[in-house]
Amino acid sequence: MLMQWKSICKGLILGTLLTSCMILLYSYVTPAVRLNVQEVPVPYSCAYRPAHARSFPASNASQGGACTPKVDVMFMKTHKTASSTILNILFRFGEKHRLKFAFPESRNDFFYPSLFQRTQVKDYRPGMCFNIICNHMRFNEPEVRKLLPSDTVYFSILRHPADLFESSFHYFGGVVPLTWKISAEDKMTEFLRDPWHYYDPEGFNSFYLKNLLFFDFGYDNNLNPDDPRVDESIQAMEKRFLLVMLLEHIDESLILLKEALCWEMEDLLYFKLNARKDSMVSRLSLELRSQATDWNMIDWKLYRHFNATFWRKVEAYGRERMARDVEELQRRNAEMAAVCIEGGQPVEAGRIQELAMQPWQPIGEKSILGYNLKKNIDKKHRKLCRKMLTPEIQYLTDLGVNLWITKLWAHVRELLNW
């Protein structure tokens, strides 16, 4: 019995050390910093030129009848906001039109949580033209502007901070050491009962648990919500981002995106990717929801501001027109689901038949749903179905990104039998 306990202890110590090393490697390995990067102006536009402009309906007075599709795009990919679904849309559009992506090197993000530097871009050279950048980063506007053409359209997506906190706490809790000392069975409820008892602003990965949206956009998530820098930062975001979408209204958001980019409806078709199974989602009581919102007050200010701008855009688009377009998008999504998805619904990880369709899972559990591709899909839809269902990591690999750090971390997790 004593020998068994010694063996268990040795295993725990080894596993802890190895996991800690891999977390540090994954989070902080950065490419060599290039000092005095040569400043070469980026062209005004890196766009391919489509053969024809797309006509808008006559009711769209704001566009004057016709427009040219935008192909220089910056998507600020925030955490736990259905951003992987948006990424799939961008991957498909870029691949279809042979656009140039600015991808990270060796992993699936731009060395998050460090601030973005253009030297983190795979094969970057000053003056290069990139059409699309969309992987996770901590936004750093001066560096992004030096990478992308002047005509680039910037957009992002937000989520109610209480729901985002719940999702982030469960998804990232395993890599936030300050949560390890919470002994209660319901760790999130215990944390919200007295957050400052557990939270350390300087703690490793602590940003996942407080004002994560504000942090993603490159700002200090530990500011006092009444600090004037908070409102200044939100105003700066409004000036930079043409559209800030809302997860709770994803279809309306995509219709506004279609309008902003002058894309076709078929470009915006999607399946919900990286979603958790219902049994793993904590249903927040009114009290917990209020506590989570208060704890993430800067994100709440951010969300309220862009919620207002979002509905102003919907009004300008036209409520009736929006309802018609949302209905069409949902109808076409349902048609594609019937063509592509076995059973028409997502399934738990253990029931996914093809390794290439397995989504990335949080540490210690398999809570993220995936899909099974239908057999004998007709030739017309076969390629599109596979691309619409391909998870982010596999799609990046298909696009030629070397994800050796991400894959090494995945192998370590398997070795430790998470």
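Asn 211 lies in the loop between helix 6 and helix 7, where helices (H or I, at least four residues) are DSSP runs numbered from the N terminus. The model is predicted, with local features requiring pLDDT of at least 70 and side-chain atom pairs counting only at pLDDT 80 or more, while totals for chains, interfaces and linings use all residues. Residues are numbered from 1 along each chain as its sequence is written, and side-chain values use heavy atoms, with hydrogens and water left out.

The backbone of Asn 211 has phi near 50°, a positive value in a residue other than glycine. Asn 205 is placed in the loop between helix 6 (195-198) and helix 7 (212-216). Its phi is near 60°, again a positive value in a residue other than glycine. Asn 205 counts as buried because its relative accessibility is 3%.

A cis peptide bond runs from Tyr 112 to Pro 113, with omega near 15°. Pro 113 belongs to the loop between helix 2 (83-96) and strand 4 (132-133), strands being DSSP runs of E with at least two residues, likewise numbered from the N terminus.

Arg 276 occupies the loop between helix 9 (250-261) and helix 10 (286-295). Its relative accessible area is 14%, and Arg 276 is therefore buried. Between Arg 276 and Ser 167, the C-alpha to C-alpha distance is 9.0 Å, although 109 residues separate the two in sequence.

Key
Buried means under 20% relative accessible area, exposed over 50%, partly exposed in between (1.4 Å probe, protein chains only).
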